[in-house]
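Subject: Structure for you to look at

Hello,

Here is the structure I said I would pass on. My notes on it follow below.

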Amino acid sequence: MLFSIFLLLTLFSCNKENSDKKLSSRKPEEITFIGLSYVGGEQGNYRIIKITKDSIHLETGTNEVKKHKSWKKSITPETWKKLTSWFKIKDLSLVESSPSIQSIDGIDESFQIKTTKKSHVFVNAYNDVHYKQFESFKNQLNTILPQEIQ
């Protein structure tokens, strides 16, 4: 009797997991996080931007002189939708990074984009044919970030 109850509970939990997987596979892939950073330069400059569905966080500074500024702002669902609309999720897997050239130009640009299914990281993807969407995103983002901290 006890074995039968255990077997029944096991079967029900397996069915629930399978139905949860089926439901999540039907949902469209969405962006959940965007990170953008610029790091490098002779003085150790950095600018790190982290964006989630509800906020933007910006840190900027210089390591050599120990200068650091931080800014955070809540965003609306409309702002999040506007920012993420620049990216074509199906194209993200096609984007190719370029080698770091900090020794030549001093600064590397890195993008991290997390979706409900994957995580993508791109470094210096300027030369990729899909880079236009990143450029459009950065232009939109600059209208939101405060000018005095940029």
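Two strands are taken as paired here if DSSP finds at least two bridges between them. Strand 1 and strand 2 are antiparallel and are joined by seven bridges. Please keep in mind throughout that this is a predicted model.

Overall layout

The protein has five helices and six strands, and from the N terminus these elements follow the order α-β-β-β-β-α-α-α-β-β-α. Of its 150 residues, 35% are buried. Among contacts with a separation of 6 or more, 55% are between residues 24 or more positions apart. The accessible surface is about 10100 Å², and carbon and sulfur atoms account for 57% of that area.

The hairpins

Strand 1 and strand 2 make a hairpin with four residues between them. Glycine 41 is in that turn and has a positive phi of about 100°. Across this pair of strands, tyrosine 38 has arginine 47 in strand 2 as its bridge partner.

Strand 2 also pairs with strand 3, again through seven bridges and in antiparallel fashion.

The nonpolar core

Which residues touch the most other members of the largest nonpolar core? They are Ile51, Ile56, Phe87, Phe134, Phe137 and Leu141, out of 25 residues in that core. Two or more residues each come from strand 1 (31-40), strand 2 (45-51), strand 3 (55-62), helix 2 (77-84), strand 5 (107-115) and helix 5 (132-142). Strand 1 gives the largest share, with four residues. As a general point, nonpolar side chains in soluble globular proteins tend to be buried together.

Residues up to four places away in sequence aside, isoleucine 56 touches Ile49, Lys50, Ile51, Trp71, Lys72, Lys73, Ile75, Leu83, Leu141, Ile144 and Leu145.

Aromatic rings

There are eight aromatic pairs. In one of them, the ring centres of phenylalanine 87 and phenylalanine 137 lie 5.0 Å apart with the planes at 45°, so this pair counts as tilted. Phenylalanine 87 is in the loop between helix 2 and helix 3 (89-92), while phenylalanine 137 is in helix 5, so the pair ties together parts 50 residues apart in sequence.

Tyrosine 126 is partly exposed, with 37% relative accessibility, whereas tyrosine 131 is buried at 6%. Ring pairs join Phe87, Phe111, Phe122, Tyr126, Tyr131, Phe134 and Phe137 into a cluster.

Apart from neighbours within four places in sequence, lysine 138 contacts Leu36, Tyr38, Glu109, Phe111 and Tyr131. Tyr131 and Phe111 also belong to the ring cluster described above.

The other is lysine 114, whose charged end sits over the ring of phenylalanine 33 at 5.4 Å from the ring centre.

Regards

Conventions:
Residues numbered from 1 in each chain as written. Predicted model: local features only at pLDDT ≥ 70, side-chain atom pairs only at ≥ 80, totals over all residues. Heavy atoms only, no water. Core = buried A, V, L, I, M, F, W, Y, C linked by side-chain atoms within 4.5 Å. Buried < 20%, exposed > 50% of the residue type's maximum accessible area, 1.4 Å probe, protein only. Contact = heavy atoms within 4.5 Å. Phe/Tyr/Trp six-rings, centres within 6.5 Å; stacked < 30°, edge-to-face > 60°. Lys NZ or Arg CZ within 6 Å of the ring centre and 35° of its normal. Areas by Shrake-Rupley, 256 points an atom, 1.4 Å probe, with all protein chains shown as cover.
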